[in-house]
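This report is written for a reader who meets the structure for the first time. The sequence and the model are shown below, and the sections that follow take up selected parts of it.

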Amino acid sequence: MEQPQQHLLHFSHSNHPLLFDQDYRDGDPCCGCEESVYGPFYYCNQCWDYIHHKSCAELPLGLHHPLHPIHPLILFDEKTHYPEQEEEEEHKQKTKCQLCNESRRQYTYRCYRCDFNLHATCASLPPTIQSSQVHHHPLTPFWKWMSFTCDLCAQEVKGIPNQCALCSLWFHNTCASLPSRLKVLVHRHPLRLIHSSLEVELHQSDSRFCQLCALKVNTNFGFYYCSRCDFVAHLDCAADYRNRENINLQELKEEENEDLELNQSAAYEVRNTKVGEDGTEIATEIQHFSHEHELKLSDDEVVWLFKRKKELFSTYSRSLDKLLEVKNSAK
C-alpha cells in the first residue's frame with residue numbers, strides 16, 4: 001500500500017500545506033535562506049516557486065540562544081514583515097543580524113522587546129565542532145562576522161571563523177569540514193590532508209602542480225597528497241564531487257592502503273610553466289605518462305584554466321558551507 005506523502009503546515013505559507021520530497025535538482029532559491037535547493041525539500045504544489053530546504057522548513061518557531069539568553073527568540077520572515085522595504089536604510093536597520101551585521105531578507109530569529117535579530121543560518125552554528133578532521137583539537141566558532149585568512153587554505157574569506165584557541169589557528173567553514181583522507185577518481189591510492197610541506201618530504205620542493213587542474217600548489221599551506229606516488233592536489237580540486245570517488249576508505253583492500261613496495265611516479269612531469277596576471281602559475285607543457293611526446297596547452301586553454309580555477313573554489317566553498325549549515329540545523 002502506498003504511503004501518504006509527508007506534509008507540513010508552515011508559518012509563512014498558511015494557505016496550503018507543504019509537501020515533502022527527497023530529491024530536488026533544479027537549484028532554485030530556498031524561501032527561508034535564499035540559497036540554492038538540492039536534495040531533500042518541501043514545496044507547495046499550488047505555488048510553484050515556493051520551496052524550502054528540509055532543514056529550513058523544519059526550523060523551530062522559537063529558541064533560546066547564548067547570544068541573547070534573557071529572552072526567547074521568535075522566528076519570522078523578513079520578506080513578509082517588510083514587503084515594501086519602506087526606506088532601504090530603515091529596512092536594513094530593522095532586520096540587521098547581530099552576528100553577521102547584515103540584512104539578507106531571510107528567516108530570522110527576533111526578540112521584539114530588545115530589537116535583537118539573528119539570522120536562522122547564523123543561529124544554527126554549533127558551539128564547538130568536535131568532529132572536524134582538519135585539526136586535533138575541537139574548533140569553536142568565533143561569534144563575529146569578519147574578514148580573515150584561513151590557516152589551512154590561505155584564502156582571504158569573510159564569515160565566522162572556527163578557531164582553536166590553544167593553537168591560535170582559524171579555519172573557515174569550508175576547510176573545517178574537509179576530510180582528513182579521501183580518494184580521487186584518477187589515482188589509485190587515498191590522499192591525505194597535509195597542512196604544509198613541513199609535514200612530508202616532498203620530491204620537488206620548488207614547484208608543485210595539482211595533478212587534477214595543472215595549476216601550481218602553494219605547499220606552504222594545505223593540500224592533499226599521496227607520498228608513495230608524489231601525487232599533489234589542491235584542497236578544492238580533490239574534494240570536488242566531480243573528481244572525488246564516493247567510497248568508504250575503511251573498506252579499501254589492504255594492498256591499496258598499505259602497499260609499501262609500490263613506486264608509481266606522478267601522472268606527468270612539468271616541462272614549462274606560465275604565470276597569470278594574478279600570480280597564479282600553471283603548467284603549459286608537460287610530459288604525460290600516457291604519451292611519448294610532450295603535451296602543450298593552447299593559449300585559449302590557459303585563459304580557461306585560470307578562470308575555471310576561480311569558479312571551482314567559489315562553487316565548492318558555497319556548497320560545503322551549505323552542507324555544514326544543513327547538517328548543524330538538523331541537529
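## Strands β7 and β8

T108 stands opposite H119 in β8. The two strands β7 and β8 pair in the antiparallel sense, over 4 bridges. In this predicted model, they belong to an open sheet of 4 strands, with the order β5-β6-β7-β8 and antiparallel pairing. The edges of the sheet are β5 (62–65) and β8, each of which pairs on one side only. From one strand to the next, the twist averages 35°.

The loop between β7 (107–111) and β8 (116–119) contains D115. This residue is not a glycine, yet its phi is positive, near 55°. D115 counts as partly exposed because its relative accessibility is 48%.

How many disulfides does the structure hold? The structure holds 0 disulfides. A disulfide is a covalent bond between the sulfur atoms of two cysteines, and the cut-off applied here places those atoms within 2.5 Å of each other. For C114, the closest cysteine sulfur is that of C111, at 3.7 Å, which is too far for a bond. C114 is partly exposed, since its relative accessibility is 34%.

C167 is likewise in no disulfide, and the nearest cysteine sulfur, that of C164, is 3.7 Å away. With a relative accessible area of 29%, C167 counts as partly exposed.

## Strands β14, β15 and β16

Strand β14 (residues 181–182) and strand β15 (residues 191–194) run antiparallel and are joined by 2 bridges. In this pair, L182 has L191 of β15 as its bridge partner. Strand β15 is also joined to strand β16 (residues 223–226), by 3 bridges and again in the antiparallel sense. Here the bridge partner of L193 is Y224 in β16.

The loop between β15 and β16 includes N218. N218 is partly exposed because its relative accessibility is 44%. Between N218 and A154 there are 64 residues of separation in sequence, while their C-alpha atoms are 9.1 Å apart in space.

A154 itself is placed in the loop between β10 (146–149) and β11 (156–159). Although A154 is not a glycine, its phi is positive, at about 70°. A154 counts as partly exposed because its relative accessibility is 28%.

In soluble globular proteins, nonpolar side chains tend to be buried together. The largest nonpolar core of this model has 32 residues, and those with the most contacts inside it are L152, L178, L191, Y224 and L235. Two or more residues of this core come from each of the elements α5 (173–176), β15, β16, β17 (231–233) and α6 (235–239).

Which residues does L235 contact, leaving aside its neighbours within four places in sequence? L235 is in contact with L152, C153, C175, L178, L193, G222, F223 and Y224. Another core lies apart from the largest one; it has 23 residues, including L18, C44, L75 and C122.

## The chain as a whole

The protein chain has 8 helices and 20 strands. Of its 331 residues, 44% count as buried. Among contacts between residues at least 6 apart in sequence, 50% join residues at least 24 apart.

## Confidence in the model

The pLDDT averages 76 over the protein chain, and 69% of the residues score at least 70.

Notes. Residues are numbered from 1 along each chain as its sequence is written. This is a predicted model: local features need pLDDT of at least 70, side-chain atom pairs count only at pLDDT 80 or more; totals for chains, interfaces and linings use all residues. Side-chain values use heavy atoms; hydrogens and water are left out. Buried means under 20% relative accessible area, exposed over 50%, partly exposed in between (1.4 Å probe, protein chains only). Two strands pair if DSSP finds at least two bridges between them. Axes are lines fitted to C-alpha atoms, for helices over the stretch in contact, and angles run from 0 to 180 degrees between N-to-C directions. pLDDT is the predictor's confidence in each residue, from 0 to 100. A nonpolar core is a set of buried Ala, Val, Leu, Ile, Met, Phe, Trp, Tyr and Cys residues joined through side-chain atoms within 4.5 Å. Contact means heavy atoms within 4.5 Å.
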